[in-house]
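The exercises below are meant to be worked through with the sequence and the three-dimensional structure side by side. Each begins with a task sentence and goes on to a solution in steps.

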Amino acid sequence: MRLDKYLSDAGVLTRTESARAAKNGQITVNGVVTRRSSGHIDPTKDIICYNGQKIIYREFTYIMLNKPEGYVSATDDKLSPTVLTLLPDELQRIGLFPCGRLDKNTLGLMILTNNGPLAHKLLSPKNHVDKKYRFETKFPVSDEDVKNLEGGVDIGGYMTAPCRVEMTGEREGYITLTEGKYHQIKLMAIAVHNQITYLERVTFGEVVLDTNLARGEWRYLTEGEQASLEKRASKIPAESLEKHKGPQN
């Protein structure tokens with residue numbers, strides 16, 4: 001791999017900046033200053049440093065973000081800040097995007113990645129990835145409401161798939177979906193004559209929101225978390241994928 005591509009993929013420098021930094025003696029390969037950013041390195045063996053700081057190379061990047069209110073799940077928006085603006089500059093350069101959407105006022109677990117094929121598989125309707133949300137409602141939720149929600153309700157001409165509802169109080173609990181229609185949970189509440197007042201995603205597949213992350217904070221996925229996503233995605237053959245919209249509840 002070319003050195004400038006390595007630095008670009010890591011989000012540290014553009015290729016033009018890499019050439020300039022190399023000429024200025026700011027880049028070392030295995031402790032030796034290199035003046036050519038076009039030279040080739042082995043990303044699995046060579047140690048690359050920029051201004052004395054070791055650069056970690058990742059073929060793909062996976063980020064866990066605790067989404068706060070007021071941010072849009074998109075890579076660009078003219079009216080509101082996007083979730084990408086919560087990341088440092090170097091991570092905003094490497095093509096990350098949300099793996100599934102949360103609407104502007106929904107909180108909690110978001111996974112950001114630049115692995116397009118994996119994200120596409122995870123979001124395919126045929127994959128049925130479980131997504132668990134904590135919710136609060138304006139009015140009490142009855143046993144009959146729970147039964148109706150779990151069996152499927154009409155949300156404007158679409159009958160929702162079976163889901164799981166666990167009440168922790170008369171107006172709060174958890175709901176687990178295997179699909180993700182636009183504003184689905186809010187529309188499901190309306191279907192049983194109620195209203196969502198708080199919504200937070202807490203799991204995506206086997207990945208659980210890290211309670212140590214404050215709103216707006218992020219971290220890299222652990223190897224185990226990343227492996228769980230890759231394992232689930234590997235079960236879906238590419239030819240079975242359908243066009244879809246990502247979850248936006």
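A cavity is a set of grid points where a 1.4 Å probe fits but cannot get out, and its lining residues are those with an atom within 4 Å of a point. Please keep in mind throughout that this is a predicted model.

**Exercise 1. Confidence**

Task: Find out how the pLDDT averages over the protein chain, and over which residues it stays under 50.

Solution. Then look for the stretch where the confidence stays under 50, which is residues 239-247. For this stretch the model has 25 contacts beyond four places in sequence.

**Exercise 2. The largest cavity**

Task: Determine how many cavities of 30 Å³ or more a search of the whole structure finds, and which residues line the largest cavity.

Solution. First, the search of the whole structure finds one cavity of 30 Å³ or more. The general idea behind such a search is that rolling a probe the size of a water molecule over the atoms shows where empty space is left. Next comes the volume, and about 110 Å³ of space lies in the largest cavity. Its lining consists of Phe135, Thr137, Val141, Leu149, Ile175, Ile185, Met188, Ala189, Val192, Asn194 and Ile196. Finally, assign the lining to elements: β8 and α6 each supply at least two residues, and α6 gives the most, with three residues.

**Exercise 3. The nonpolar cores**

Task: Identify which residues of the largest nonpolar core touch the most other members, and which elements each supply at least two residues of this core.

Solution. The largest nonpolar core has 29 residues, and of these Ile175 and Met188 touch the most other members. At least two residues each come from β5 (62-67), β7 (107-113), β8 (131-137), α5 (143-151), β10 (172-177), α6 (184-191) and β11 (196-204). Among the contributors, α6 gives the most to this core, with three residues. As a further step, follow Met188 beyond its neighbours within four places in sequence, where its contacts are Leu149, Val153, Ile155, Thr160, Cys163, Ile175 and Leu177. Another core, of 17 residues, lies apart from the largest one and includes Met64, Leu123, Val129 and Leu213. As background, nonpolar side chains in soluble globular proteins tend to be buried together.

**Exercise 4. Strand β8 and its partners**

Task: Separate the residues of β8 into a covered and an uncovered face, and then work out in which sense β8 pairs with β10 and with β11.

Solution. Start with the general rule that in a regular strand the side chains alternate between the two faces of the sheet. In β8 the covered face holds Lys131, Tyr133, Phe135 and Thr137, whereas Lys132, Arg134 and Glu136 make up the uncovered one. Then turn to the pairing: β8 and β10 run antiparallel and are joined by six bridges, with Leu177 in β10 as the bridge partner of Lys131. The pairing of β8 with β11 is likewise antiparallel, over seven bridges. Within this pairing, Phe135 stands opposite Leu199, and Arg134 has Glu200 as its bridge partner.

**Exercise 5. A residue of helix α7**

Task: Decide whether Arg232 counts as buried or exposed, and list which residues it contacts.

Solution. Arg232 is placed in helix α7 (residues 223-234). Its relative accessibility is 18%, and because buried means under 20%, Arg232 counts as buried. Beyond its neighbours within four places in sequence, Arg232 is in contact with Leu122, Asn127, His128, Val129, Gly205 and Glu206.

How values were computed:
Residues are numbered from 1 along each chain as its sequence is written. This is a predicted model: local features need pLDDT of at least 70, side-chain atom pairs count only at pLDDT 80 or more; totals for chains, interfaces and linings use all residues. Side-chain values use heavy atoms; hydrogens and water are left out. A nonpolar core is a set of buried Ala, Val, Leu, Ile, Met, Phe, Trp, Tyr and Cys residues joined through side-chain atoms within 4.5 Å. Buried means under 20% relative accessible area, exposed over 50%, partly exposed in between (1.4 Å probe, protein chains only). Helices (H or I, at least four residues) and strands (E, at least two) are DSSP runs, numbered from the N terminus. Contact means heavy atoms within 4.5 Å. pLDDT is the predictor's confidence in each residue, from 0 to 100. On a 1 Å grid over the protein atoms alone, a cavity is a set of points where a 1.4 Å probe fits but cannot get out, and a pocket is an open set with protein on both sides within 12 Å along at least five of seven lines; lining residues have an atom within 4 Å of a point. Grid points are joined across faces, edges and corners, and a volume is the space filled by probe spheres set on the points. Two strands pair if DSSP finds at least two bridges between them.
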